Amino acid sequence: MRVLGVDPGLTRCGVGVVEGAPGRPLRMAGVGVVRTPAEAEIGQRLLLVEEGIEAWLDEHRPDLVAVERVFAQHNVRTVMGTAQASAVAMLCATRRGIPVTLHTPSEVKAAVTGSGRADKAQVTAMVQRLLRLDAPPKPADAADALALAICHIWRGGATNRLEAAVRAARATPRSASVKGTAPVKGTVR
């Protein structure tokens, strides 16, 4: 599986591509940051984020895009810019028919470090170790994007299989699953 991780931001939008499968070695296929000038108008900045994400999608052809779920912070202006960049990334992927999944920061930290309370330095160090990189990815936005991709490869696949099984179970009528069998005393349904 090839996953494009996106750490949304209006000034710096981290992007990273990881290939792999649960239980197998992971490989970084690319990492970087889409930057926009702080003095530019919001519409222009969002257009630059879109162009950057589209270029990554063209170059790396991911199977899935994993985006950090925006959470409430004290700084509303920061949250708005992050949410807008997140929406652009989701739109670009969805327009191409690429599935999108969202992961919270604590999910990503827990998947990569084992602790949902890990700091940025711990996440970066584990990303470097897991991807067998000679140096830590910089800036932190790029490391976070790789961590999102790793998180999805390790956690998302299992979550997707569980959700598919639940949908399949709900779609199967109960009478069809026990057709032709008599109820057995003491059996739990």
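1. Accessible areas come from the Shrake-Rupley method with a 1.4 Å probe, and for residues only the protein chains shown count as cover. On this basis the protein exposes about 10,800 Å², and carbon and sulfur atoms supply 55% of that area.

2. The model is predicted: local features need pLDDT of at least 70, side-chain atom pairs count only at pLDDT 80 or more, and totals for chains, interfaces and linings use all residues. Residues are numbered from 1 along each chain as its sequence is written, and side-chain values use heavy atoms, with hydrogens and water left out.

3. The protein has 6 helices and 5 strands. Helices (H or I, at least four residues) and strands (E, at least two) are DSSP runs, numbered from the N terminus. Along the sequence, their order is β-β-β-α-β-α-β-α-α-α-α.

4. Of the 189 residues in the protein, 39% are buried. A residue is buried under 20% relative accessible area, exposed over 50%, and partly exposed in between (1.4 Å probe, protein chains only). Contact means heavy atoms within 4.5 Å. Among contacts with a separation of 6 or more, 61% are between residues 24 or more positions apart.

5. How are two packed helices described? The description uses the angle between their axes and the distance between the axes. Axes are lines fitted to C-alpha atoms, for helices over the stretch in contact, and angles run from 0 to 180 degrees between N-to-C directions. Helix 3 (residues 105-113) packs with helix 4 (residues 120-130) at about 50°, and their axes are 9 Å apart. These two helices are therefore oblique to each other; angles under 35 degrees count as roughly parallel, over 145 as roughly antiparallel, 65 to 115 as roughly perpendicular and the rest as oblique.

6. Which residues make this contact? Helix 3 contributes K109, V112 and T113, while helix 4 contributes Q122, V123, M126, V127 and L130.

7. A110 is also found in helix 3. Its relative accessibility is 21%, so A110 counts as partly exposed. Although A110 and V123 are 13 residues apart in sequence, their C-alpha atoms are 9.3 Å apart in space. Not counting residues up to four places away in sequence, A110 touches S115, G116 and R155.

8. Is H60, by comparison, buried or exposed? At 7% relative accessibility, H60 counts as buried. This residue belongs to helix 1 (residues 42-60). Leaving aside neighbours within four places in sequence, H60 is in contact with R2, V17, A29 and G30.
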